[in-house]
Amino acid sequence: MPVPQMEFRILGPTEIWTRGVRVPLTAAKQRTVLAALLLSPGRFVSDLWLAELLWGPTPPATKSAQLYTYVSRLRRSCEPGVRLVRRHRAYGLVMGSSQLDWKTFQHLAEEGRQYLAQHRYAEAAACLEPALRLWRGPALQDVTDVLARTELPMLEEARLRALDHRMEAVLALGRHDTALPELTRLVAENPARESLRGHLMIALYRCDRQMDALRVYEQGRRVLHEELGVAPGAALRALHRAVLLEELPGPAAAEPLTLTLGRGGSVPPCPDTPAGGPRNAAHSPWNGLVPAMLPTDAAGFVGRRTELVRVVQELRDGRSPYRGVVLTGAAGVGTSALAVRAGHACRDDFRQGQLYTDLRGEGGRAKDPLDVLGSFLRALMSVRGEDLPATLEERVQLYRSALSRRRILVVLDNASDERQVRPLLASGPGCRVLISGGRRLVSMEGVRAVPVGRLDDRDARELLASRVGRERLAAEPGATGRLLDLCEGLPLALRFCATRLVARPQWPVGRLVDRLERGEVRPDEWGEGADELWTVLREGVMRLEPPLRPVLRTLARTEPGAVSPACLARRLNWPEDRARGALDALVEAGLLEVVAGKPLVSAVADGGTEAAPGGAPPLPPAGPSVAPQAQERYRCTPLVRLVARGTAAVTDGP
């Protein structure tokens, strides 16, 4: 294997390698600057945030000069193809053709997860094992404590998730004997991680150690109860029952498999090709099929008549100057459901295929357009994985060529930003694209923005009644009204509350409302949709620069009401301009909303909220009267606030 010209490593000691030779990085602050830039691909990192990473809240007066020195040293350590760019008091790293072990790990881990979802266990293991070998010890072990505290939890969670997936694949292949020692160590290191404990129970059971498997469950139950005050989850309880009753099934794919691997694996001979010859596209599962990737249309879809008509008309209009539509709205407002409904309404207009992908990967991380293009090209052209072009530019060119004479609808759900979307836009004259995402996509040229707001009171009540039942809501009109006020027309919140009521038919509606108002309902109590809610919220939080997270935390815990930039500046001891900029950035991310300006009292003695819900006038300040002034106010969207009251993890960031 050829040695890469330049390689960056952060999954262990922070290092630079050039043509197989390590470049010395002697200063911890120099390594910190490098790691911060590597963890922000495609973005510029501000001087302010770099200074906080290097020196904490009290940087020296010479911080700019010292930061310039560290960057200059890094520039001298880089090859000509790698550039450190300065722009608007911030630095960005243009990596060119160099490699980063974290990016390689993410790519392999996601590929392995997809294979696992397709029950292709050997291929999943073949991706996940080299991904995990990239870890040479604890990540970010030689940078400043501020950077390690900020970014290490995210890196470590990704590693544990990949370990979890690898063990699932290994056990499905019947390799429980060899997996047992490693699983024992992993459970000892992560005693509260239920998925790893479940894998250990399966391995022990298949090694004819049923009593040891039951003992492992009991140990985990005690750990969860004593340390966290919770019981094991439903999956671990079901596994315990299966072990107890001796009903646990055997490995899903224990037979030996010969696989075609994109990294030089063996190729099985096909019936119509000579032994050792390559397989052709006739053996692709997509061969002869028209792509029809749209998810099942949501049952009980309510409202959105105006928006749906606008979207469908735009997609069908062959004379429109636009190539598609982007749906924008806050988290939980229902852009994904509307996109799927509109896609189904237009299926007959795009008989040559409908492509669909959820651009939000596991854990809320944005999918790489390179991988998405690979899946689209396999569907459109029945092309083998090893025949796909290696670079993004080549795949984009092939994708556009494949669509140039077709009439295809491309639905891109949960898009994060323009960089992710642009390579996936359909350029053929008969093609249209439908995108759901945040406000960051409003400025994209060539697509028409359709804002999606909240449901009005009638549609919100109809959505709730379609799931809970009209009689049950009519029996408690007051509590139902309070529940609708809490959800404030957000379909995701309404759906989760309805699911909770359906799961507890003996509960009066008022009981759920009381628990919601007291913050006693945790996201993990909300049933199957909790993962979706968690992902929707964490997606927005994880994209924030760390200085914005305390702002979101402060606002999420401010209930009820909203705050002005001046009030927030006093709370955080920030300049007002900085507070206003942070609030506007959170609005852009879809996590806050601007409340219409009303007369406010300029001085708030306790720094509390400045307006009551429903537009009630603020209390007058103690002491001399102060002339009211109009000022913008900000508050968390209801869904963010509702969940944040039950757990600090959402607003504390990853």
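Residues 24 or more positions apart account for 69% of the contacts with a separation of 6 or more in the protein, contact meaning heavy atoms within 4.5 Å. The model is predicted: local features need pLDDT of at least 70, side-chain atom pairs count only at pLDDT 80 or more, and totals for chains, interfaces and linings use all residues. Residues are numbered from 1 along each chain as its sequence is written, and side-chain values use heavy atoms, with hydrogens and water left out.

**Overall composition**

- The protein has 26 helices and 14 strands, taken as DSSP runs (helices H or I, at least four residues; strands E, at least two) numbered from the N terminus.
- Of the 654 residues, 50% are buried, that is, under 20% relative accessible area with a 1.4 Å probe, protein chains only.
- Carbon and sulfur atoms hold 52% of the accessible surface of about 31,100 Å², computed by the Shrake-Rupley method with a 1.4 Å probe.

**Helices α6 and α8**

- The axes of α6 (residues 145–172) and α8 (residues 194–206) come within 10 Å and cross at roughly 20°; axes are lines fitted to C-alpha atoms over the stretch in contact, with angles from 0 to 180 degrees between N-to-C directions.
- That makes α6 roughly parallel to α8 (angles under 35 degrees).
- In α6, Asp164, Met167, Glu168 and Leu171 meet Ser195, Leu196, His199, Ile202, Ala203 and Arg206 of α8.
- The residues of this contact comprise 5 nonpolar, 2 polar and 3 charged.

**Glutamine 30**

- Glutamine 30 lies in helix α1 (residues 28–38) and is buried, with a relative accessible area of 5%.
- Beyond its neighbours within four places in sequence, glutamine 30 contacts Leu25, Tyr70, Arg73, Leu74 and Ser77.

Note on methods: Angles under 35 degrees count as roughly parallel, over 145 as roughly antiparallel, 65 to 115 as roughly perpendicular and the rest as oblique. Ala, Val, Leu, Ile, Met, Phe, Trp, Tyr, Cys and Pro count as nonpolar, Asp, Glu, Lys and Arg as charged, and the others, Gly among them, as polar.
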